[in-house]
Amino acid sequence: VISSKKKNKKTCSLSSDPLPALPPIGPTFSEYFAAQQEGRLIESQPAWVKAYGPIFTIPSPFKGLVADFVAVADPTLTKELCIVQANQYRDPSRFTTRPPSFAAATRISVGASLAGSTGDEWKWRRAAFLKEMHKSKLFSSDRQLVAAIANVGERLCEKLEEAADSKQLVKVDILATEAAFDTIL
């Protein structure tokens, strides 16, 4: 539900009324995933908007672990969600991208971390993390973080060069995710 908050200004925000049900069901996760894997995700979106409307739900195949995905193709609502409501950890946000079951699964698999935290625990972990990620600490020679990141980047480049030399297709998103995890962990 979108409502105007300020007089004479073209701003909008989600109302504070109780949360409505999710938008209508759109394509299945299998349809979405297949379109993504086959490289036709962008081409599929206009057809989905035509069939299901500008806002629809892609149900999660892993209920309780991964939240349903809500697709938004409405520019006004997109601006509201991406700018006004972007911080999921402070009011007026209504996002819960880390349900308790996901946070628990993350803690079990990688231990206590920022990624597996929510609420107040997330806030203090984030504050501690950001303090340690300040540029003065990051570029400190005794930390050797820049060298470690450069090493990960060199390994990524080597994998890409090998794939180019052999003319193999590369899933860059997977390689980039692996490099990010190598850097973080």
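**Cavities and a nonpolar surface patch**

The largest cavity in the structure has a volume of about 60 Å³, where a cavity is a set of points, on a 1 Å grid over the protein atoms alone, at which a 1.4 Å probe fits but cannot get out, and a volume is the space filled by probe spheres set on the points, joined across faces, edges and corners. The model is a predicted one, in which local features need pLDDT of at least 70 and side-chain atom pairs count only at pLDDT 80 or more, while totals for chains, interfaces and linings use all residues. Residues are numbered from 1 along each chain as its sequence is written, and side-chain values use heavy atoms, with hydrogens and water left out.

Two cavities of 30 Å³ or more are present. The lining of the largest cavity (residues with an atom within 4 Å of a point) consists of Val-152, Arg-155, Leu-156, Lys-159, Leu-175, Glu-178, Ala-179 and Asp-182, and at least two of its residues come from each of helix H7 (145-166) and helix H8 (172-184). Helix H7 also contains Gly-153, which is partly exposed because its relative accessibility is 28%, between the limits of 20% for buried and 50% for exposed (1.4 Å probe, protein chains only). The C-alpha atoms of Gly-153 and Ala-176 are separated by 9.5 Å, the two residues being 23 apart along the chain.

Val-66, in the loop between strand E3 (55-58) and strand E4 (69-72), is likewise partly exposed, at 41% relative accessibility; helices (at least four residues) and strands (at least two) are DSSP runs numbered from the N terminus. Together with Phe-29, Phe-33, Phe-62, Leu-65 and Phe-102, Val-66 makes a nonpolar surface patch of about 500 Å², such patches being made of residues with over 30% relative accessible area and no salt bridge, with nonpolar side chains (Val, Leu, Ile, Met, Phe, Trp, Tyr) joined within 5 Å. Accessible areas come from the Shrake-Rupley method with a 1.4 Å probe, and a salt bridge is a side-chain nitrogen of Lys or Arg within 4 Å of a carboxyl oxygen of Asp or Glu.

How values were computed: Patch = residues over 30% accessible without salt bridge, like charges linked within 9 Å, V, L, I, M, F, W, Y side chains within 5 Å. 1 Å grid on protein atoms, 1.4 Å probe; cavity = no way out; pocket = protein on both sides within 12 Å on 5 of 7 lines; lining within 4 Å.
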